[in-house]
Amino acid sequence: YLALRKAREIIVLTEQVQWEVRKLYHRDSVVARGCLSDAVLNYVSRQDIKSKLGLTGKRTILSIGRLDPRKRIDLLIKAFGRLASQHPDTFLLIGGTGEESDRLKLLARDLGIEKRVIFLGFIAESELFDYYTGADVFAFPSWTSFGLTRYEALALCPKSVWSREFAREPFARDDHVFLSDPTVEDFARGLSKALDAKVQGKADLRDFTWENYFETVYRAAMES
């Protein structure tokens with residue numbers, strides 16, 4: 001509390017945190033966006049992930065992150081279970097490891113969709129971007145203050161479904177992003193809408209590079 005109250009300048013990563021700082025500490029702050037390298041923005045896929053997984057001609061929904069309760073992967077699996085019969089050509093890919101792994105696999109089995117949900121485990125950094133580019137939709141049901149994977153995916157995957165808790169963030173109203181309430185019913189609707197949507201190109205994230213971040217931090221420091 002004292003650090004924030006006495007700081008000459010406060011730098012945050014998102015509009016949501018900026019709003020929280022203003023509400024809790026009555027201080028304005030500077031949003032410094034930055035999480036992507038130029039390599040992400042200019043990436044060309046090196047391998048066909050669908051072919052590698054035996055899913056050629058199928059559609060995929062991808063989620064990547066640590067498998068813990070805060071990520072709401074159970075909600076995603078339940079939502080996928082709601083739409084699976086209406087989208088028989090679609091598979092759910094879940095990348096990551098964590099304490100929830102066994103429970104989530106059991107959930108998929110209990111819902112009768114274990115053959116449509118593929119747990120990828122740990123994805124090596126050298127392959128990560130290929131999984132993004134190979135997916136039709138990226139799903140991000142979790143609530144975090146930032147969420148690096150959702151911006152990596154937005155740069156590489158044509159469509160993303162986010163929790164509506166990110167409504168304050170840039171791109172929340174972009175054609176490539178579909179906001180849904182963090183409930184099974186609404187997230188299922190969001191995923192279904194994203195799967196059927198026709199979008200052009202990908203989101204422009206040139207303002208989210210590390211270079212932009214450090215320029216903003218430097219400018220804020222010099223002006224404070």
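In what order do the 6 strands of the open sheet stand, and with which pairing? The order is β5-β4-β3-β6-β7-β8, and the pairing is parallel. The model described here is a predicted one. The points below start with this sheet, then turn to the helices and to some single residues.

**The sheet as a whole**

- β5 and β8 (177-180) are the edge strands of the sheet, since each of them pairs on one side only.
- Leaving direction aside, neighbouring strands in this sheet are turned against each other by 25 degrees on average.

**Strand pairs, taken along the sheet**

- Strand β4 (residues 90-95) and strand β5 (residues 117-121) run parallel and are joined by 4 bridges.
- Within this pair, Gly95 has Gly121 of β5 as its bridge partner.
- To get from β4 to β5, the chain passes through helix α6 (residues 101-110), and this β-α-β crossover is right-handed.
- β3 pairs with β6 in the parallel sense, over 2 bridges.
- The bridge partner of Ile61 is Val137 in β6.
- β6 also pairs with β7 in the parallel sense, here over 3 bridges.
- In this pair, Phe140 stands opposite Trp162 of β7.
- The chain goes from β6 to β7 by way of α8, and this β-α-β crossover is right-handed.
- Strand β7 (residues 160-163) runs parallel to β8, and 4 bridges join the two.
- Val161 stands opposite Phe178, a residue of β8.

**The two sides of β6**

- Which residues of β6 point one way, and which the other way? Val137 and Ala139 point one way, while Phe138 and Phe140 point the other way.
- All of these residues are buried.

- An α-helix has 3.6 residues a turn, so residues three or four places apart point the same way.

**Helix pairs**

- Two packed helices are described by the angle between their axes and the distance between the axes.
- α5 and α6 pack at an angle of about 15 degrees, and their axes are 10 Å apart. α5 is therefore roughly parallel to α6, as angles under 35 degrees count as roughly parallel.
- The crossing in which α5 passes α6 is right-handed. On the α5 side the contact is made by Ile73, Asp74, Ile77 and Lys78, and on the α6 side by Arg103, Leu104, Leu107 and Ala108.
- Helix α7 (residues 125-134) and helix α8 (residues 148-156) have axes that come within 8 Å and cross at roughly 60 degrees. α7 and α8 are therefore oblique to each other.
- α7 passes α8 in a right-handed crossing. Leu128, Phe129, Tyr132 and Thr133 of α7 meet Thr149, Glu152, Ala153 and Leu156 of α8.

**Single residues**

- With residues up to four places away in sequence left out, Glu100 touches Leu67, Asp68 and Pro69.
- Asp110 lies in helix α6. Asp110 has a relative accessible area of 59% and is therefore exposed, because exposed means over 50%.
- Asp110 and Ser63 are 47 residues apart along the chain, and their C-alpha atoms are separated by 20 Å.
- Most residues other than glycine have a negative phi.
- Arg72, in the loop between β3 and α5, has a positive phi, near 60 degrees, and is not a glycine.
- Phe171, in the loop between β7 and β8, also has a positive phi, near 75 degrees. Phe171 is buried, with a relative accessible area of 16%.

Definitions and conventions. Residues are numbered from 1 along each chain as its sequence is written. This is a predicted model: local features need pLDDT of at least 70, side-chain atom pairs count only at pLDDT 80 or more; totals for chains, interfaces and linings use all residues. Side-chain values use heavy atoms; hydrogens and water are left out. Two strands pair if DSSP finds at least two bridges between them. A crossover is right-handed if, with the strands pointing away from the viewer, the path from the first strand over the helix to the second runs clockwise. Axes are lines fitted to C-alpha atoms, for helices over the stretch in contact, and angles run from 0 to 180 degrees between N-to-C directions. Angles under 35 degrees count as roughly parallel, over 145 as roughly antiparallel, 65 to 115 as roughly perpendicular and the rest as oblique. A crossing is left-handed if the near helix is turned anticlockwise from the far one by less than a right angle, and right-handed if clockwise. Contact means heavy atoms within 4.5 Å. Buried means under 20% relative accessible area, exposed over 50%, partly exposed in between (1.4 Å probe, protein chains only).
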